[in-house]
Amino acid sequence: MNDPFVLPDLDPAERDLHRLLAAVPPRPLPFGFRDAVMTRLRGERRVTWEWIVAAVIAIPNLLFLIRQIGVHGQDFAQALANIMTAASAETAGAFFFVDGLTVVALAFVGIASALAAHALFVSSTPRGTVVR
Amino acid sequence: MTRTDQEAVERCLAGDTDAFSTLVERYGGRVYNIALRITNDGDAAADCAQEAFIRAYRALHQYDPNLPFGPWIYRIVTNTSLNHVQRWHAHESPVEELPESVEPDDEGPESSALRREQMDEVLSAMADLPAHYRAALTLRHLQQLSYQEVADALGIPLGTVKTHLHRARAALKTRLAARAKERGA
């Protein structure tokens, strides 16, 4: 396969063209090609882990929040209404009660969103740099 | 340490991403040159070659270790490049110059220059051909694959490869003749 003029199944009709084209020297790879590929691959693995961690954090917390809305939805609506009333009436205090676990769950969903956003950003970046 | 392709693939599948660099190093040049002749664009070729390796890595579990790695990655890069051409019609600027030393020449400067000129002429005529003809000619003559290997790389039957190559050569001849006529006029 290395001898440009010897191909076992070379047809006589293609011999001239083959002699010419087989002698075309290959163009060298762009500098840094291998590193660019490997950087992208390593990035992909990291991104996969980020998606997994984000999902592990987000799913139970989202389920908890959905449950909270189901159980205490009226309380949340009331709290929001109180805040809106206080804001529009320019009074100093607005009474509302939010369960501490709900706040923690919201914070975890925020962290998961940040991780997912990072993973999305990295994986949508088109290509590693190849110095040309 | 030099690894065989199969060893490198095994290690990648076992989670050692770095083992893939052996394959990139070994096949990078040929993969890039296939993409280059199909896309006719150095930047697009580098992108397609890179994309081909990424796709190959993702699909490593589908690779049959009893078969050689080369034709498998050639098939991926050919598809990636043909898709690129289809999507972007990246057909504009033929790949320009040939490097200075074309081959170890025992011929002499004049015939070597003439040969170089012929190569340039044929390559730029080739750049005007439809992408699937360019792909067939590249794999067959520039990469020197057998008919069967070309068929595997293009994912088409052996008979179709022969027809493609026959038509590609005829189209190339027509274009070369037209160019010669233009120059003569």
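Is Asn40(B) buried or exposed, and how many C-beta neighbours does Asn40(B) have inside 10 Å? The legends below begin with that residue. Everything here comes from a predicted model, in which local features need pLDDT of at least 70, side-chain atom pairs count only at pLDDT 80 or more, and totals for chains, interfaces and linings use all residues. Residues are numbered from 1 along each chain as its sequence is written, while chains are lettered from A and ligands numbered from 1 in the order in which they are written.

**View 1. Asn40(B) sits in a loop between two helices of chain B.** Asn40(B) counts as buried, because it has 25 C-beta neighbours inside 10 Å. Although Asn40(B) is not a glycine, its phi is positive, at about 65°.

**View 2. Gln144(B) is another non-glycine residue with a positive phi, here about 55°.** Look for it in the loop that links helix H6 (131-142) and helix H7 (147-154) of chain B. With 19 other C-beta atoms within 10 Å, Gln144(B) is partly exposed.

**View 3. Helix H1 of chain B, residues 5-13, has buried residues at Ala8(B), Val9(B) and Cys12(B).** They lie on the same side of H1(B), because they cover an arc of only 100° around the axis; the arc is that of the directions from the helix axis to the C-beta atoms. Their cover includes H2, H3 and helix H4 (69-88) of chain B. Just past the end of H1(B), Gly15(B) has a positive phi of about 105°.

**View 4. Arg58(B) belongs to helix H3 of chain B.** This residue is exposed, with 11 other C-beta atoms within 10 Å. Its C-alpha atom is separated by 9.9 Å from that of Leu13(B), 45 residues apart along the chain.

**View 5. The largest nonpolar core has 49 residues.** Such a core is a set of buried Ala, Val, Leu, Ile, Met, Phe, Trp, Tyr and Cys residues joined through C-beta atoms within 7 Å. Ala35(B), Ala49(B), Ile73(B) and Val77(B) have the most contacts inside it. H2(B) gives the largest share of this core, ten residues. Leaving aside neighbours within four places in sequence, Val77(B) is in contact with Val31(B), Ile34(B), Ala35(B), Cys48(B), Ala49(B) and Ala52(B); contact means that the C-beta atoms, placed from the backbone, lie within 7 Å.

**View 6. Chain A meets chain B, with 30 residues of chain A in contact with 33 of chain B.** Helix H1 (15-22) and helix H2 (33-89) of chain A each supply at least two residues of the side that touches chain B, and H2(A) gives the largest share, nine residues. By class, this side of chain A has 20 nonpolar, one polar and nine charged residues. (Ala, Val, Leu, Ile, Met, Phe, Trp, Tyr, Cys and Pro count as nonpolar, Asp, Glu, Lys and Arg as charged, and the others, Gly among them, as polar.) Chain A itself has three helices and zero strands, and 13% of its 132 residues count as buried.

How values were computed: Helix = DSSP H or I, 4+ residues; strand = E, 2+ residues; numbered from the N terminus. Buried ≥ 20, exposed ≤ 12 C-beta atoms within 10 Å, placed from the backbone. Contact = placed C-beta atoms within 7 Å.
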